[in-house]
Amino acid sequence: MSVVAPLSASYPALSVLLSVLTGERLSAARAVGIVCTMLGALAVARGEKVPDADDAEGLRRSGKGIGWALCSAIGFGFLFWLLGIRIIPRVGAAPAVWMIRGVCTLIAGTIILAARQPMALPRNTRWISLGMGVGDTSAFVVSNRGMQIEQVAVISVLGSLYGAVTVALAGIVLREHISRWQGVGIAAIFAGICLMSR
């Protein structure tokens with residue numbers, strides 16, 4: 001979790017590049033803030049402890065999710081750029097979320113039916129699933145609103161900080177080790193946020 005989440009949260013590298021290539025201009029302080037934040041996210045991702053030789057589960061999973069996390073980052077990079085530059089200005093913050101949710105429901109439902117997977121949630125995960133849905137949808141609405149009033153490059157970078165929050169929660173709740181490099185990365189992220197707020 002402490003590797004995959006920060007890697008998937010690296011999508012602003014693509015969003016910022018696309019935003020700048022399509023006309024967004026950043027101040028020097030904001031550009032430095034974006035670089036600090038993205039380097040911080042990279043340090044958080046690279047600071048993952050290599051599994052011990054006697055950790056069979058850690059060795060089995062080590063590195064297998066990296067490709068999927070990078071695919072996720074590319075998808076999110078294009079999504080946030082399209083949302084901020086093309087979709088939100090035309091349809092608004094909340095309707096854009098309903099469009100995303102409708103498409104997600106169709107795609108997920110098709111995959112579940114094609115794979116003949118059960119659609120019912122286990123009883124012990126229903127409230128957690130509801131909480132995840134409320135949190136995720138609320139985050140999208142707030143992010144979209146931010147893109148209406150601020151630069152897409154800045155909002156996409158700030159929105160990507162869920163990776164650092166996930167690492168912190170993995171350390172607190174799951175007792176995953178947070179390395180010194182991950183701590184340095186989190187500090188760089190906060191420095192970047194300060195610069196981007198100028």
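This is a predicted model: local features need pLDDT of at least 70, side-chain atom pairs count only at pLDDT 80 or more; totals for chains, interfaces and linings use all residues.
Residues are numbered from 1 along each chain as its sequence is written, and side-chain values use heavy atoms, with hydrogens and water left out. Local features need pLDDT of at least 70, side-chain atom pairs count only at pLDDT 80 or more, and totals for chains, interfaces and linings use all residues.

**View 1. The protein chain has 10 helices and 0 strands.** Helices (H or I, at least four residues) and strands (E, at least two) are DSSP runs, numbered from the N terminus. Of the 198 residues in the chain, 32% are buried, meaning under 20% relative accessible area with a 1.4 Å probe, protein chains only.

**View 2. The largest nonpolar core holds 12 residues, among them Tyr11, Phe80, Ile100 and Ile155.** Such a core is a set of buried Ala, Val, Leu, Ile, Met, Phe, Trp, Tyr and Cys residues joined through side-chain atoms within 4.5 Å. At least two of its residues come from each of α5 (66-91), α6 (93-114), α7 (126-149) and α8 (152-159). Helix α5 gives the most, with 4 residues. A second, separate core of 6 residues includes Val16, Ile34, Ala153 and Val154.

**View 3. Ala96 belongs to the largest nonpolar core.** Leaving aside residues up to four places away in sequence, Ala96 touches Leu83, Ile87, Ile88, Val91 and Asn144; contact means heavy atoms within 4.5 Å.

**View 4. Pro12 lies in helix α2 (residues 12-21).** Pro12 counts as buried because its relative accessibility is 1%. Beyond residues up to four places away in sequence, Pro12 touches Leu17, Met38, Ser156, Val157 and Ser160. The C-alpha atoms of Pro12 and Phe76 are 8.1 Å apart, although 64 residues separate them along the chain.

Technical notes: Buried means under 20% relative accessible area, exposed over 50%, partly exposed in between (1.4 Å probe, protein chains only).
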